Each structure stands twice: as C-alpha cells, then as structure tokens.
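I opened this entry to keep track of what I looked up. The notes follow in the order in which I made them.

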Amino acid sequence: MRYVIAILAIALGVAAVVFGGADDSPGLQLIGAVLVVGAVAFAVRTARRER
C-alpha cells in the first residue's frame, strides 16, 4: 500500500512539473519536483526498513 501512495505522489509531481512548464509557472514546477523527490525518498526508506 505504501508503494501505491508513493507511485501516485510521483505521478502527481510529474503532472505538476508538466503543467507548470506549459503555464510557465516556476512555483508549480518546484512543488512538483519536491513532491517527486519526497516520494522517492519515502519509497527508498520504506524499502530499506522492510529488509
């Protein structure tokens, strides 16, 4: 379940970066990038704790 949440957060972050680029909005792109990086860090931390 945790991986599904991380995948959805990554998809939402990528969408924010794409829509921010289309609208020329650096703030939305930054929020999307932070969301992707945070979701990847969460997934890696979760995978390490399961071992």
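This is a predicted model: local features need pLDDT of at least 70, side-chain atom pairs count only at pLDDT 80 or more; totals for chains, interfaces and linings use all residues.

I looked up Ile31 and found it exposed, at 55% relative accessibility. The cut-offs I used are under 20% relative accessible area for buried, over 50% for exposed, and partly exposed in between, with a 1.4 Å probe and protein chains only. Ile31 sits in helix 2. Helices here are DSSP runs of H or I with at least four residues, strands are runs of E with at least two, and both are numbered from the N terminus.

Residues are numbered from 1 along each chain as its sequence is written, and side-chain values use heavy atoms, with hydrogens and water left out.

Next I looked at the surface around Ile31. Which residues form a nonpolar patch on the surface? I listed Val14, Val18, Phe19, Leu28 and Ile31, which together have about 480 Å² of accessible area. Helix 1 (2-22) and helix 2 are the elements that give two or more residues to this patch. The most comes from helix 1, with 3 residues. Patch members have over 30% relative accessible area and no salt bridge; like charges are joined within 9 Å, and nonpolar side chains (Val, Leu, Ile, Met, Phe, Trp, Tyr) within 5 Å. A salt bridge is a side-chain nitrogen of Lys or Arg within 4 Å of a carboxyl oxygen of Asp or Glu. Accessible areas are from the Shrake-Rupley method with a 1.4 Å probe, and for residues only the protein chains shown count as cover.

Val18 is exposed because its relative accessible area is 52%.

I then went to the loop between helix 1 and helix 2, where I found Asp24. Asp24 is exposed, with a relative accessible area of 69%. Its phi is positive, about 60°, although Asp24 is not a glycine.

For the buried side of helix 2, I noted Gly32, Ala39, Ala43 and Thr46. These buried residues pack against helix 1. Is Thr46 buried or exposed? Thr46 counts as buried because its relative accessibility is 6%. Leaving aside neighbours within four places in sequence, Thr46 is in contact (heavy atoms within 4.5 Å) with Arg2 and Tyr3.

Phe42 is also in helix 2 (residues 26-50). I found Phe42 partly exposed, at 32% relative accessible area. With neighbours within four places set aside, Phe42 touches Arg2 and Ala6. Phe42 and Met1 are 41 residues apart in sequence, and their C-alpha atoms are 13 Å apart.

Last, I looked at the whole chain. I counted 2 helices and 0 strands. The C-alpha atoms fill a box of roughly 40 × 15 × 10 Å along the principal axes. Of the 51 residues, 18% count as buried. The chain exposes about 3,900 Å², and carbon and sulfur atoms supply 71% of that.
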